[in-house]
Amino acid sequence: MLYGLKDAGYEAYMVGGGVRDLLAGIEPKDFDIATSAHPDEIKRVFRGCRLIGRRFMIAHVRAGEEILEVTTFRGPITDSHERDETGRILSDNVYGTLEEDAFRRDFTVNALYYDIRDFSIVDFCGGVNDLQARQLRLIGDPELRYREDPVRMLRAVRIANKLGFEIEPLSAEPIARLASLLREIPPARLFDEILKIFLNRDALANFEGLRRHGLFAELFPGTERSINAAKRDLELVRIALTSTAERVKRDLPVTPAFLYGALLWPPYADRAYELEFEKGHDSVSAQTQAAEEVLAKQQHRIAIPKRFSLPMREIWSLQPRFEDLRPGRAKRLMTHPRFRAAYDFLLLRAQAGEPGCAALANWWTQAQSGVVPEVPEELAEMADAPEPAGEGAPKKRRRRGGRNRRKA
Ligand code: ATP
Ligand code: MG
């Protein structure tokens with residue numbers, strides 16, 4: 001791969017997270033290639049490659065199973081770069097030298113180039129020192145670099161946790177002050193970044209880090225409000241992230257729908273409660289409206305594609321149906337395609353200590369083994385209504401525990 005470019009007379013190095021992780025003793029996820037070849041020249045060397053233009057041109061080159069990202073050395077930021085009023089760089093397609101490319105990268109440890117010909121490391125920015133000192137340091141003036149691209153603040157938290165490094169104090173200091181610049185980032189880019197942060201073995205540490213630096217409140221303002229009002233909601237998010245991290249470590253599938261279901265549950269449940277018990281909506285319309293409102297607000301910050309928000313809403317809307325313990329209804333619910341995810345979500349609520357959920361979760365755990373479980377005293381009224389043959393009127397349910405807002 002690298003040889004291909006070199007044989008054609010170009011400079012080419014491995015760079016980025018792969019080199020960094022390798023040197024830090026972590027198994028690298030992938031490698032990026034930086035080269036002096038321009039995109040059309042890369043295309044000539046690798047006929048199978050695809051050029052994708054985001055903020056700058058990247059070539060995707062297949063190397064066996066893997067796709068390598070190949071980028072042309074980027075040149076220095078100049079006044080000719082288009083910026084918005086906060087200093088954010090909008091377009092970026094000026095090519096440069098290896099050294100100029102290094103100074104365009106975010107952290108010193110991300111700007112180490114590995115030359116496979118002589119196994120040497122090229123280090124213009126002091127990355128080797130910082131690697132030894134276990135410091136994540138932004139290259140150049142931190143405030144300026146965060147203003148150029150505010151996503152670097154999120155990357156700082158995520159990469160520091162991945163490496164077990166400290167964010168170097170001068171690189172950490174401006175973050176809380178500049179956190180609101182995240183509002184300028186296109187919601188679709190944030191969606192990708194959020195998945196990297198939370199569908200991750202460090203999901204919980206990343207969450208705590210984002211909160212400590214004031215970033216989480218910018219990304220999930222509704223959730224931040226709810227978890228500050230009720231410990232139980234904070235607990236729910238923490239438990240969800242802990243189990244996500246566990247699944248990632250064990251190579252089990254994790255889904256954005258479940259993740260967002262948990263992250264947005266606190267403001268959703270708060271709003272549904274308010275609509276039903278303070279504004280007098282019936283429970284179904286309160287839930288529907290709450291889901292729509294919470295999602296619409298969240299989309300201003302982070303674009304959640306329909307293929308994730310629909311199943312997420314389904315997980316939510318199945319929750320009240322767990323309160324109907326009549327055998328026929330229960331059996332039918334168990335055949336629902338989203339039953340498993342919704343049941344896992346009920347377990348999560350139970351673990352977080354939502355009133356009444358533990359007994360329910362217990363009942364449903366038993367119910368899945370095939371026998372109809374005994375209904376404990378406290379759940380009795382959920383199982384004793386007559387079961388209509390067709391779609392009868394839903395049985396009136398007692399609200400169990402309520403949301404207990406300001407008391408937690
Ligand atoms: P990981 O792959 O573990 O998420 P990474 O550092 O490899 O971490 P990538 O998004 O794959 O992250 O980026 C590859 C490299 O591109 C980085 O190591 C860095 O050198 C550079 N880079 C990525 N994002 C930025 C950015 N926002 N600003 C400057 N340089 C960046
Ligand atoms: Mg990478």
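Which of the 16 residues around ligand 1 come nearest? Arg 105, Asp 149, Arg 152, Arg 158 and Lys 162 do. A residue belongs to these surroundings if one of its heavy atoms lies within 4 Å of the ligand.

The model is predicted: local features need pLDDT of at least 70, side-chain atom pairs count only at pLDDT 80 or more, and totals for chains, interfaces and linings use all residues. Residues are numbered from 1 along each chain as its sequence is written, chains are lettered from A and ligands numbered from 1 in the order in which they are written, and side-chain values use heavy atoms, with hydrogens and water left out.

**Figure 1**
The protein chain holds 19 helices and nine strands. These are DSSP runs, numbered from the N terminus: helices are H or I with at least four residues, strands are E with at least two. Along the principal axes, the C-alpha atoms fill a box of roughly 80 × 45 × 35 Å. Of the 408 residues, 49% count as buried. Buried means under 20% relative accessible area, exposed means over 50%, and partly exposed lies in between (1.4 Å probe, protein chains only). The domain assignment gives domain 1 (1–139) and domain 2 (186–408). Such bounds come from an automatic or database assignment. The centres of the two domains, taken over C-alpha atoms, are 41 Å apart.

**Figure 1. The shell around ligand 1.**
What kinds of residue make up the shell around ligand 1? It has 13 charged residues, three polar ones and no nonpolar ones. Asp, Glu, Lys and Arg count as charged; Ala, Val, Leu, Ile, Met, Phe, Trp, Tyr, Cys and Pro count as nonpolar; the others, Gly among them, are polar. Helix H2 (17–24), helix H7 (151–163) and helix H9 (187–198) each supply at least two shell residues. H7 gives the largest share, four residues.

An N or O atom in the side chain of Arg 20 sits 2.9 Å from a ligand oxygen. For Lys 162, the side-chain distance to an oxygen of ligand 1 is 2.9 Å. For Arg 155, that distance is 3.2 Å. Taken alone, ligand 1 exposes 590 Å², and the protein buries 87% of that. Areas follow the Shrake-Rupley method with a 1.4 Å probe; for residues, only the protein chains shown count as cover.

**Figure 2. Aromatic pairs.**
The structure holds 16 aromatic pairs. Rings of Phe, Tyr and Trp (its six-membered ring) pair if their centres lie within 6.5 Å; planes under 30 degrees apart count as stacked, over 60 as edge-to-face and the rest as tilted. Phe 322 and Trp 364 pair edge-to-face, at 5.1 Å centre to centre and 80° between the planes. The two are 42 residues apart: Phe 322 lies in the loop between helix H16 (306–318) and helix H17 (327–334), and Trp 364 in helix H19 (residues 357–367). Phe 322 and Trp 364 are buried. Why is the pair of Trp 363 and Trp 364 edge-to-face? Because their ring centres are 5.0 Å apart and their planes stand at 75°. Trp 363 is buried, as is Trp 364. Elsewhere, ring pairs join Phe 191, Phe 207, Phe 216, Phe 220, Tyr 260 and Phe 308 into a cluster.

Thr 72 lies in strand E5 (residues 66–72). Its relative accessibility is 5%, so Thr 72 counts as buried. A polar atom of the Thr 72 side chain is 2.8 Å from the backbone oxygen of Ala 37. Glu 274 belongs to helix H14 (residues 256–277). Glu 274 counts as partly exposed because its relative accessibility is 29%. Glu 274 and Ala 290 are 16 residues apart in sequence; their C-alpha atoms are 9.1 Å apart in space.

**Figure 3. Positive phi in two loops.**
Where is Phe 119? Phe 119 lies in the loop between strand E6 (112–115) and strand E7 (120–123). Its phi is near 55°, a positive value in a residue other than glycine. At 60% relative accessibility, Phe 119 counts as exposed. Asp 251 sits in the loop between helix H13 (231–249) and H14. Its phi, near 65°, is also positive in a non-glycine residue. Asp 251 is exposed, with a relative accessible area of 73%.

Terms used:
A polar contact is a pair of N or O atoms within 3.5 Å; within protein, one must be able to donate a hydrogen and the other to accept it, and residues adjacent in sequence count only if both atoms are side-chain atoms.
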